[in-house]
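This report walks through a few features of one protein structure for a reader who has not seen it before.

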Amino acid sequence: MMPRCPSFKVVAAAFALVRAAMPFFLFSAEPAFAQRGYYLTFMRMPTYGIEAWKSIVDDVHDDGGNLLILWIAGAFRSEKYPITWKYNADHENVKSEFLNVLIDYAHSKKIRIILGFTPFGYDGVNQYALENPDLRATGPDGKPVASFGIGCWGYNLCPSMPESQVFMREYLLEMLGRYSKADGLLVESSDYAICHCSNCGRQYFKQEFKFVKIISEECWTKNPEVQIYLYPHYFSGAKVPGFGVDAAKLPFDPRWGLFFTPHSALPDAELIKRAHRSIFWDDSPALRQPQDIKAAASRAREIGVTGYVPSLETFSFISTHGEENSPWTKNRRQIPLGMGWLAHGQSPYRELPLMLQRMAYREFSNNPDLTLDAYKTKVGKAILGQQSTANDIADLFDLQNIFAYKRTWCQPSPAVSHDRYKAMKAGNSLDADTERQIREFHLRLQAILKNTNNKNGTGYNKMASICRWVLTQWDKSAE
């Protein structure tokens with residue numbers, strides 16, 4: 001039996017004191033961005049029920065957020081298209097719908113809810129081609145596309161086919177009718193594939209825009225205040241990363257907001273000037289370290305967007321495929337950040353590795369000019385107490401660094417997960433430098449554990465428990 005960290009209730013109570021203090025010493029008067037919050041893939045978090053999600057909304061509020069993007073496609077019980085959720089039948093919102101209650105709760109905290117989906121692809125939508133294979137998109141080789149996904153594996157659709165357009169419109173109208181209290185949509189163009197048939201190809205984004213235009217007008221007719229965020233691919237005319245085609249150059253209605261990413265939807269200065277609302281997204285809170293969050297917030301301010309709403313995704317689905325071409329993940333439940341001490345359905349956002357990321361987002365989305373050292377000192381004192389030393393604070397951030405090391409969307413750090421370490425070793429993908437780094441990290445964990453001896457406080461206790469939990473995995477493997 002693995003040793004467990006202190007009970008969630010004990011840790012949550014202690015960190016409630018930290019959260020209560022945060023507004024008084026972390027925030028300056030004028031935040032750098034009008035839209036602040038997180039992008040969460042709701043559909044890939046099936047284990048979380050309404051109470052866990054309410055706690056997540058509380059966390060967004062505590063972090064200075066006023067907007068939460070919930071990627072909802074595939075995670076609601078569509079009556080017209082049940083194929084879209086059958087893969088996700090164990091999702092708590094599919095089993096017993098609670099999203100409307102959550103939207104009301106978010107509004108009570110002055111947080112807007114934006115519902116996310118990808119037209120003609122990704123979760124939920126990509127299941128439709130399983131029953132309608134003739135609608136599968138065409139790859140650049142002229143053949144029907146292969147299966148693809150993250151958690152939800154299926155096929156992207158060809159938008160030039162009328163049946164695909166009808167499906168997308170009806171599916172979205174059902175979703176919007178079910179969650180009519182939501183504040184808007186994120187129409188997230190695919191970052192992995194488009195259709196290359198003779199009717200799409202270089203005209204792909206014009207074909208996709210047919211649906212986007214229709215659904216936008218229907219939304220605005222029902223509610224002129226609804227916020228709809230689009231990728232720049234319909235307006236910029238620029239080369240779209242990874243696809244070998246140009247974006248469309250269609251008329252831009254300033255009622256649309258814009259959504260930019262560093263990998264698939266590059267910032268466009270002219271469009272940003274024309275939009276009332278624009279958001280920059282990146283993956284640094286989910287995958288990287290506090291200094292990366294600072295850099296992304298600075299980048300968002302530099303390009304002139306009105307909002308910085310990055311990913312803080314933590315998956316909890318059971319993989320039906322070897323995610324990221326890694327067979328060891330198949331038939332395993334995703335464990336947020338590799339934090340295997342979490343109880344089933346427990347929110348991970350108040351655990352130390354994520355608390356540091358949340359606090360970094362809170363700080364740097366408010367003031368990108370804050371120095372990294374000042375951030376670390378403030379956060380270290382908040383978590384460990386005013387008596388903490390510079391060495392104590394270094395221990396705290398080294399622990400977060402170990403959890404971020406070589407982490408991917410679907411695989412925890414090999415320094416944290418012995419299962420991933422074993423899989424890399426068995427697959428001959430564990431190079432000497434990585435193995436040496438893991439050994440050094442474990443020596444560091446031992447040193448942190450020793451440094452916490454005879455030090456009082458929940459922060460120190462939590463650090464010690466996490467160190468013991470990681471090291472015990474390797475001890476058990478040696479038995």
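Two strands are said to pair if DSSP finds at least two bridges between them. The model is predicted. In it, strand β3 (residues 112-117) and strand β6 (residues 184-187) pair over 4 bridges, in the parallel sense. Leu115 stands opposite Leu185 of β6. Both strands belong to a closed barrel of 8 strands with parallel pairing, which runs β1-β2-β3-β6-β7-β8-β9-β10. Across β3 and β6 lies helix α7 (residues 162-178), which runs at about 155° to β3.

Two further helices pack against each other. Helix α13 (residues 372-384) and helix α14 (residues 390-404) meet at an angle of about 95°, and their axes are 9 Å apart. Angles of 65 to 115 degrees count as roughly perpendicular, and therefore α13 is roughly perpendicular to α14. The table lists the residues that make this contact.

| Helix | Residues in the contact |
|---|---|
| α13 | Tyr375, Lys376, Thr377, Val379, Gly380, Lys381, Ile383, Leu384 |
| α14 | Asp392, Ile393, Leu396, Phe397 |

By type, the residues of the contact of α13 with α14 divide into 7 nonpolar, 2 polar and 3 charged.

Which residues of helix α15 (residues 418-426) are buried? They are His418, Arg420, Tyr421 and Met424. Seen down the axis of α15, these buried residues fall within an arc of 160°, so they line one face of the helix. An α-helix has 3.6 residues a turn, so residues three or four places apart point the same way. After α15 comes Asn428, with a positive phi near 60°.

Key: Residues numbered from 1 in each chain as written. Predicted model: local features only at pLDDT ≥ 70, side-chain atom pairs only at ≥ 80, totals over all residues. Heavy atoms only, no water. Axes fitted to C-alpha atoms, helices over the stretch in contact; angles between N-to-C directions. Helix = DSSP H or I, 4+ residues; strand = E, 2+ residues; numbered from the N terminus. Parallel < 35°, antiparallel > 145°, perpendicular 65-115°, else oblique. Contact = heavy atoms within 4.5 Å. Nonpolar A, V, L, I, M, F, W, Y, C, P; charged D, E, K, R; others polar. Buried < 20%, exposed > 50% of the residue type's maximum accessible area, 1.4 Å probe, protein only. Arc of directions from axis to C-beta.
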